[in-house]
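Thanks for making the time this morning.

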Amino acid sequence: RVLRGWLATALPAATRAAISPDLDALGLHAAEAWVEARGRASVEPELVQWDASGRRIDRIGSTPAWRNGRALAARFGLVAAGHEEAHGEFARCDQFARVYLHHVASEFFTCPLAMSDGAATALKAVAESDQVERLVPRLVSRDVDTLWLSGQWMTETAGGSDVARTATRAEPTGDGRWRLHGRKWFTSAVIGEMALALARPARSAAIGSDALGLFVVETRDADGRWNGIRIDRLKDKLGTRELPTAEIHLEGTLARAVGEASNGVRHIAPMLNVTRLWNAVCAVATMRRCIERAVAFAGVREAFGRTLHAHPLHMATLADLQASFEAAFHLVFHAAHLLGRAERHAATDDEVALLRILTPLAKLWTGRLAVGVASECCEAFGGAGYIEDGGMPRLLRDAQVFPIWEGTTNVLALDVQRAIAGPGFEPLRRHAEELVATADVDAVRAIRASLDGLEAWLRGSDDIARAAEARRFAFSLARTLAAASLARHAARANGDPRPALALTRFIGHGLSRLPARRIAPADALSLFDPAGT
């Protein structure tokens, strides 16, 4: 219902008509895949390092959903739709509606698809024309025989978010190529045909992240053998267990620089913007599946002489989750539309500034929210929610990846403040006013009051205080802009009262998460070390 309502108010009729058959097919596949997955034993990828004659092969065996993932991605254009011109500024809306429907059924095959999308975006932004012409058509192909998947190899043992500690070395070969040497500690798409990797060019005088280069690696050579890549092991993870995540060594891996062999972090930024939005879309898809299951269970489970539907506290708990989910959905898909407008050069200056803020903001809030929703829905089943074959434990475990992948909550909260520092608060305020121009008066009042309070707090805090409370500031700003996005939809809902009910409930729990009084940042350390030493 939420997706259909948004499609009706956000997309032109011609676009809706063109994409509806694919959305129907994806929805049917998602329903059938969920039933099929619950009916079979859990299957995980397996690394076979040696063949029968003792040769090193490092072959990864995939799950059934993963073996079918590439064909589904090609058939439904899960990457391609975001890059095609058919729907103009609504291309990303089309794409992410598909991803939203497909994610839970994909068993996180959306991970390599997200990185492939990000790689295509980054290459188009900074790569030389020959690389774009060779690689991008493969990454956005609708033909399963030509479609390539890309990884994103940044994380090393010494640092995840702190990529300045990257130790992988890049040695020039003299013919325009490079050889990479080092260890990548967390590679989630080693099954792909290529990857973008950060490495430090040898003999570079620069230090820190500015000295890093971005390199494109084709994972296999012309004979199908690994291109100087040794797979040490597959990770034993809390969740996303169907997704093969590897530790690898690069042992003279041939690569080409993307752009100049420096400023690699800046070059990979377009990729991160896209993958963070994928993260947010998949987070709201997970929330929807959890709430859907909990509401359905409430209609059949009897307790104390009546179904859970008849217990006011239980249904109020689920209604709060639904209201938060609807607000999150509209924030994320508003960001998707802004991305499409920016990529088609149709966005205003305010929209470009807002997208820079919304991308980390939507990712960090929806990531944390998905964990809370999955946990609450697991509890809503009582003991049945704790049993593996019911499916809720997997949803809960998998949700925990959303706050971690592509930047933790704290890292992104600081990024939000940096994004605001340039243009200031005015683009946020002007855009929020546009969103709520026809909204409910009480909602408009609450949204304006929250923005006033957040701006005043930002101006009245020193650097240490802003850093210490960056997470709560970001949650507050996300909730405020989510309320504005939901308010616009509620005003256009064509007589459906449910978006307005969700808005009222969401705002009723307050938009700001900042503390009622200022807390000295030093108090945090004092909790652990009263002497402050």
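What you see is a predicted model, in which local features need pLDDT of at least 70 and side-chain atom pairs count only at pLDDT 80 or more, while totals for chains, interfaces and linings use all residues. Residues are numbered from 1 along each chain as its sequence is written, and side-chain values use heavy atoms, with hydrogens and water left out.

First, the overall fold. The chain has 17 helices and 11 strands, where helices (H or I, at least four residues) and strands (E, at least two) are DSSP runs numbered from the N terminus. Its radius of gyration is 24 Å, close to the 24 Å that the globule rule gives for 533 residues, so the chain is as compact as a globular protein of that length; the radius is taken over C-alpha atoms, and the rule is 2.2 Å times the number of residues to the power 0.38. Along the principal axes, the C-alpha trace spans about 65 × 60 × 55 Å. Buried residues make up 53% of the 533 residues, and, taking a contact as heavy atoms within 4.5 Å, 74% of the contacts between residues at least 6 apart in sequence join residues at least 24 apart.

Now the interior. In soluble globular proteins, nonpolar side chains tend to be buried together. By a nonpolar core I mean a set of buried Ala, Val, Leu, Ile, Met, Phe, Trp, Tyr and Cys residues joined through side-chain atoms within 4.5 Å. The largest such core here has 144 residues, and those with the most contacts inside it are Leu196, Trp365 and Leu477. Helix H7 gives the most to this core, with 18 residues. Apart from it lies another core, of 21 residues, including Leu47 and Trp226. Leaving aside residues up to four places away in sequence, Leu477 touches a set of residues that includes Ile357, Val416, Phe425 and Leu454.

Helix H15 also holds Arg479, which is buried, with a relative accessible area of 7%. With the same exclusion of residues up to four places away, Arg479 touches Trp365, Phe506, His509, Gly510, Leu511 and Arg513.

Asn263, in the loop between strand S9 and H7, has phi near 55°, a positive value in a residue other than glycine, and is buried at 16% relative accessible area. Asn494 lies in the loop between H15 and H16 and has a positive phi of about 55°, but at 70% relative accessibility it counts as exposed.

On a 1 Å grid over the protein atoms alone, a cavity is a set of points where a 1.4 Å probe fits but cannot get out, and a pocket is an open set with protein on both sides within 12 Å along at least five of seven lines; lining residues have an atom within 4 Å of a point. Grid points are joined across faces, edges and corners, and a volume is the space filled by probe spheres set on the points.

How many cavities of 30 Å³ or more does the structure hold? There are two. The largest has about 60 Å³ of space, and helix H10 gives the most to its lining, with three residues. The second largest cavity, of about 40 Å³, is lined by nine named residues, among them His334, His431, Leu435 and Ser485.The largest share of that lining, three residues, comes from H12, a helix in which Pro427, Leu428, Arg429, His431, Ala432 and Leu435 are buried.

The second largest pocket has a volume of about 840 Å³. Of the 30 residues that line this pocket, the closest to its centre are Arg1, Val2, Leu3, Tyr100 and Arg288. H2 gives the most to the lining of the second largest pocket, with seven residues.

How values were computed. Buried < 20%, exposed > 50% of the residue type's maximum accessible area, 1.4 Å probe, protein only.
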